[in-house]
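Subject: Handover of a structure, with findings

Dear colleague,

Please find below the structure that I am handing over to you.

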Amino acid sequence: MHGSRILSYEELLMDSEIWSMLESMFKGIEVTPDSLALDVIRSVGQFGSYLAQRHTRQFMRERWMPTLIDRRPYNAWESKEGWRS
């Protein structure tokens, strides 16, 4: 079989998305005394809320964002013009 006859564009797009996710994971997570936030962990404790801490907002970030999937809420996606034929 010739390679060009068995190409799947759908598979190519999914593979690209998977590679993007793996590339993000291989970058790793920076671990420093500041990013560990041991003082914040001690002050908040086991049952506290870390989301209310300034340190969490400063260091929180998205690990990976897909390029093909629309991650907006359904009602925002549905109201987008031109999505229906």
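In what follows, a contact means heavy atoms within 4.5 Å. This is a predicted model, in which local features need pLDDT of at least 70 and side-chain atom pairs count only at pLDDT 80 or more, while totals for chains, interfaces and linings use all residues. Residues are numbered from 1 along each chain as its sequence is written, and side-chain values use heavy atoms, with hydrogens and water left out.

Overall picture

The chain contains 5 helices and 0 strands, and its pattern along the sequence reads α-α-α-α-α. Helices (H or I, at least four residues) and strands (E, at least two) are DSSP runs, numbered from the N terminus. Of the 85 residues in the chain, 9% are buried; buried means under 20% relative accessible area, exposed means over 50%, and partly exposed lies in between (1.4 Å probe, protein chains only). Among contacts between residues at least 6 apart in sequence, 49% join residues at least 24 apart.

As to confidence, the average pLDDT of the chain is 82, and 87% of the residues score at least 70. The pLDDT is the predictor's confidence in each residue, from 0 to 100.

Helix α1 and what follows it

E17 is buried, with a relative accessible area of 8%. Beyond its neighbours within four places in sequence, E17 is in contact with W64, P66, T67, L68 and I69. Just after α1, G28 takes a positive phi of about 80 degrees.

L36 is found in helix α2 and counts as partly exposed, at 44% relative accessibility. Leaving out residues up to four places away in sequence, L36 touches V31 and I41. The C-alpha atoms of L36 and F59 are separated by 9.8 Å, although these two are 23 residues apart along the chain.

A37 is placed in the loop between α2 and α3. Most residues other than glycine have a negative phi. A37 is not a glycine, yet has a positive phi of about 55 degrees. A37 is also buried, with a relative accessible area of 6%.

T56 belongs to helix α4 (residues 54–59). Residues up to four places away in sequence aside, T56 touches Y50 and L51. T56 and S35 are 21 residues apart in sequence, and their C-alpha atoms are 9.3 Å apart in space.

The largest pocket has a volume of about 350 Å³. On a 1 Å grid over the protein atoms alone, a pocket is an open set of points where a 1.4 Å probe fits, with protein on both sides within 12 Å along at least five of seven lines; lining residues have an atom within 4 Å of a point. Grid points are joined across faces, edges and corners, and the volume is the space filled by probe spheres set on the points.

Which residues lie nearest the centre of the largest pocket? Of the 15 residues that line this pocket, they are I29, S35, H55, F59 and M60. Two or more lining residues come from each of α2 (33–36), α3 (38–44) and α4, and α4 gives the most, with 3 residues.

Yours sincerely
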